[in-house]
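Welcome! Please take a moment to look over the sequence and the structure shown here, and then we can walk through them together.

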Protein chains: 2
Amino acid sequence: MDNKALLKHSKRPIGVFDSGLGGLTVVRELTRTLPHEDIVYFGDLARLPYGAKSKKQIIEFSVNNTLFLLRQKVKAIIIACNSSASSASSYLRRLFPVPIVDVISATAEEAAELSRTGRIAVLGTKATIESGVYQAKIKQLFPRAHVITQSCPLFVPLVEEGWLLGKVTSGVAEHYLKSIKKAKVDVVVLGCTHYPLLKTVIKKAFSKKVALVESAPRTVADLKKILQDQGLLNVEGRGRLSIFVSDKSRNFIEIGSRFLGEPIRSVKIVKW
Amino acid sequence: MDNKALLKHSKRPIGVFDSGLGGLTVVRELTRTLPHEDIVYFGDLARLPYGAKSKKQIIEFSVNNTLFLLRQKVKAIIIACNSSASSASSYLRRLFPVPIVDVISATAEEAAELSRTGRIAVLGTKATIESGVYQAKIKQLFPRAHVITQSCPLFVPLVEEGWLLGKVTSGVAEHYLKSIKKAKVDVVVLGCTHYPLLKTVIKKAFSKKVALVESAPRTVADLKKILQDQGLLNVEGRGRLSIFVSDKSRNFIEIGSRFLGEPIRSVKIVKW
């Protein structure tokens with residue numbers, strides 16, 4: 001490829017998809033770390049949540065989402081949904097010839113590096129936990145690790161309802177984290193893009209010595225490295241963010257702005 | 001139509017659809033009240049929940065579900081999903097030439113009859129409450145009625161998680177029902193097929209004088225009357241129940257059995 005073609009290629013946007021709007025926490029990190037990049041985000045609001053659905057179904061939805069992003073001519077894709085990453089990422093990588101980074105690999109790596117005792121807890125949706133992907137990836141990097149998992153199905157609806165603090169949310173966290181507290185872990189993986197918004201409550205349930213690991217920072221760092229290595233990094237201009245969703249669900253502007261950390265200005269509805 | 005054709009027609013099954021498995025509370029009532037009827041149930045597990053999605057999207061899903069039931073040659077349809085009934089029932093009735101009964105009309109009627117003071121509360125999903133359908137129907141029947149509404153987005157995930165009692169669930173109920181308690185209502189409509197499973201907790205939040213109205217009994221009574229009037233009632237044999245779902249989601253047998261009130265024996269997965 002000549003220089004001109006390469007340059008053109010590097011100007012293409014980065015694609016990010018999620019079942020809903022939680023993946024905007026990854027977008028927030030992207031705009032901070034890679035301010036020159038255009039970003040195309042797709043949130044599958046019509047079919048969310050993925051977390052309790054079957055692997056087959058999640059793969060089908062994920063393929064649809066990837067095809068949509070490829071039609072937007074993205075140069076790389078971030079799977080910003082843990083349920084999708086755990087069920088579909090290897091399938092998508094086999095199918096599509098574009099760099100695909102997912103929230104799980106990077107997060108597992110960071111957890112393995114951070115832990116001293118090897119006692120690591122992973123919180124996630126049913127799909128993520130039952131897939132065993134976090135467990136396997138951590139064990140690969142840290143063979144002596146003891147990984148304890150807990151699915152927390154009520155965390156996502158609590159965040160969507162905006163109940164980030166308070167007695168009810170603390171009660172739910174206490175319930176889910178009971179057995180993990182006994183296991184004396186030193187690292188807790190927040191294996192769902194919704195969970196960082198519950199950090200205060202989750203942190204309170206543990207002692208101060210526990211490190212919480214979020215997906216966004218390391219995932220974006222990994223993508224940056226890939227783009228650099230392949231000469232695809234955009235180094236000029238101010239990046240634009242385009243948000244697409246498959247349904248205009250209720251309160252989505254409000255919920256989305258909470259994840260993005262700034263007001264969402266415009267959203268386009270996509271129909272397959 | 002000659003007698004033979006009529007007879008054949010009355011042998012056809014009753015179709016019931018819901019976004020998920022909550023509609024099995026209606027099926028439970030159907031098998032009690034109309035034990036000779038075959039029933040075909042469809043639960044749209046791939047796309048659930050409907051409660052926070054847009055009206056347009058809910059109509060599209062509801063049309064798909066109705067078409068599936070019509071392909072099973074049903075003689076009548078129950079919309080057992082309040083979100084679907086509130087957003088799509090009039091649309092479906094205009095589109096399809098088959099008796100369609102929905103959970104809202106019957107339940108609103110019962111609430112209007114039961115209330116002495118006219119102070120009626122309606123609990124439901126965001127879609128149901130924002131549609132205003134319960135409010136309008138009750139006002140039609142009881143013009144002086146004062147209808148107070150409350151959407152309770154966490155009730156469905158609590159039921160799906162099986163947290164039917166306990167401190168967390170009571171805390172959520174207390175929060176949602178605070179303003180309704182102050183309004184001194186005498187009737188509370190459980191405007192979602194999941195909510196009857198939280199009856200104990202909801203009842204506890206009110207005084208003993210409050211009547212809780214569930215959808216299933218009156219909805220089934222209404223359907224029975226329509227079938228009788230049209231000569232479509234099946235009066236022989238033991239009815240069979242067939243359950244279809246659009247995804248084999250996690251724990252669905254366990255959750256479904258909770259709604260049906262007996263173990264689910266077999267489920268067929270449908271792909272569009």
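What follows is a guided tour, from the whole chain to the meeting of two chains and then to single residues.

Keep in mind along the way that this is a predicted model. Let us begin with chain A, which holds 12 helices and 10 strands. Its radius of gyration is 18 Å, close to the 19 Å that the globule rule gives for 272 residues, so chain A is as compact as a globular protein of that length. If you follow the C-alpha trace along its principal axes, chain A spans about 60 × 40 × 35 Å.

How much of chain A is buried? Of its 272 residues, 59% count as buried. The contacts tell us about the fold as well: among those in chain A with a separation of 6 or more, 77% are between residues 24 or more positions apart.

Now let us turn to the place where the two chains meet. Here 35 residues of chain A are in contact with 35 residues of chain B. The area buried between the two chains is about 2700 Å², with carbon and sulfur atoms giving 54% of it. Which three residues supply more than any other three of the area that chain A buries against chain B? They are A:Leu154, A:Trp163 and A:Arg250, and they supply 26% of that area.

A:Ser62 sits in helix α3, which runs over residues 55-71. Is A:Ser62 buried or exposed? Its relative accessible area is 0%, so A:Ser62 is buried. Leaving aside neighbours within four places in sequence, A:Ser62 is in contact with A:Phe17, A:Ser84, A:Ala88 and A:Leu92.

Another stop in chain A is A:Pro13, in the loop between α1 (3-10) and β1 (14-18). Buried means under 20% relative accessible area, and A:Pro13 is buried because its value is 13%. Sequence and space part ways here: A:Pro13 and A:Leu241 are 228 residues apart in sequence, while their C-alpha atoms are 9.0 Å apart in space. Beyond its neighbours within four places in sequence, A:Pro13 has contacts that include A:Asp38, A:Ile39 and A:Val40, along with A:Lys73 and A:Val74.

B:Gly15 belongs to strand β1, residues 14-18, and it counts as buried, since its relative accessibility is 0%. B:Gly15 and B:Gln72 are 57 residues apart in sequence and 8.2 Å apart in space, C-alpha to C-alpha. Setting aside neighbours within four places in sequence, B:Gly15 is in contact with B:Val40, B:Leu69, B:Val74, B:Ala76, B:Ile77 and B:Ile78.

Further along chain B, B:Ser215 lies in the loop between β8 (211-213) and α11 (216-229). At 3% relative accessibility, B:Ser215 counts as buried. Among its contacts, neighbours within four places in sequence aside, are B:Asn82, B:Tyr134 and B:Leu190.

Finally, let us look at the backbone. Most residues other than glycine have a negative phi, and most peptide bonds are trans. Where does chain A have a cis peptide bond? One joins A:Leu48 to A:Pro49, with omega near -10°, and A:Pro49 lies in the loop between β2 (39-43) and α3 of chain A. In chain B, a cis peptide bond joins B:Leu48 and B:Pro49, with omega about -5°. B:Pro49 is in the loop between β2 (39-43) and α3 (55-71) of chain B.

Two residues show a positive phi without being glycine. A:Asn251 has a phi near 65° and is in the loop between β9 (241-245) and α12 (252-260) of chain A. With a relative accessible area of 31%, A:Asn251 is partly exposed. For B:Lys73, phi is near 60°, and this residue lies in the loop between α3 and β3 (76-79) of chain B. Exposed means over 50% relative accessible area, so B:Lys73 is exposed, with a value of 53%.

Methods: Residues numbered from 1 in each chain as written. Chains lettered and ligands numbered in written order. Predicted model: local features only at pLDDT ≥ 70, side-chain atom pairs only at ≥ 80, totals over all residues. Heavy atoms only, no water. Helix = DSSP H or I, 4+ residues; strand = E, 2+ residues; numbered from the N terminus. Rg over C-alpha atoms; globule rule 2.2 N^0.38 Å. Buried < 20%, exposed > 50% of the residue type's maximum accessible area, 1.4 Å probe, protein only. Contact = heavy atoms within 4.5 Å. Buried area = accessible area lost by both parts, 1.4 Å probe.
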